Amino acid sequence: PNFPNLQPEQIYLNKPTDGIAASYTWPRPGGSGAGVQIVDLEYCWNRDHEDLLPLGVPTFGPDGLGSWFPSGTLFVGCPHPPEFGDEDHGTSVVGVLASVNEATPTSPAFGTTGIAHGAAMRTAPIFLNLSVQIASQITYVSQPNTGRLVAGYVMLIEAQIAGPNYNPNANPPSQFGLVPVEWDKPTYDAIKIAVGLGIHVV
């Protein structure tokens, strides 16, 4: 199919007040994210989305499950039903950050352009061994001397957790009471260590 070039519709790339002026940094050295590695911690992604196909195995791993998680780990994909939107959310965020608007044989350019499309994008699933493993994945991707994240690189945590006022049985279902992941002390400690190593945690 001949996908349209959607970059003109990404008004958030423009100058303030419409956007964050990302497109104005691209011509500058490092302005596109070149030389930086970003890892996205999330439940799951759709590696077959046409905007993300050029990212391929380096971003999503050979099975599309994620590029960074411990060997021997059980990973079965999105833990929630489709209506929760886990896959859509992860896919959208990777697109906002790293889609590359590459030409194809049938189109000169297609889809969106990521804010940091020059960065090396990686993914790290947080639902492992049939449970949410945020703290352990933060530690895994930020371990020194592993070839993963180093000082100056970026870790994006796309998650929230149940706080003291969260009601899992609310009807209709509600996100009221969900809190940032650092509410959990082991997760807070893992983030603190990562920041101490010079990693930018978002």
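Okay, so a search of the whole structure turns up one salt bridge, meaning a side-chain nitrogen of Lys or Arg within 4 Å of a carboxyl oxygen of Asp or Glu. Quick note before I go on: this is a predicted model, where local features need pLDDT of at least 70, side-chain atom pairs count only at pLDDT 80 or more, and totals for chains, interfaces and linings use all residues. Residues are numbered from 1 along each chain as its sequence is written, and side-chain values use heavy atoms, with hydrogens and water left out.

Which residues make that salt bridge? Asp189 and Lys185 do, with their closest N and O atoms 2.9 Å apart. They sit four residues apart in helix 5 (residues 185-196), so about one helical turn separates them. Helices here are DSSP runs of H or I with at least four residues, strands are runs of E with at least two, and both are numbered from the N terminus. Asp189 is partly exposed, at 28% relative accessibility; that label covers what lies between buried, under 20% relative accessible area, and exposed, over 50% (1.4 Å probe, protein chains only).

Four strands form an open sheet in the order 2-1-5-8, with parallel pairing. Strand 2 (120-125) and strand 8 (200-201) are at the edges with a single partner strand each, so one side of each has no neighbour in the sheet. Pairing takes at least two DSSP bridges between two strands; strand 1 (residues 37-42) and strand 2 have six, in the parallel sense.

Last stop: Tyr153, in the loop between helix 4 (134-142) and strand 5 (154-157). Leaving out residues up to four places away in sequence, Tyr153 touches several residues, including Gln37 and His200, where contact means heavy atoms within 4.5 Å.
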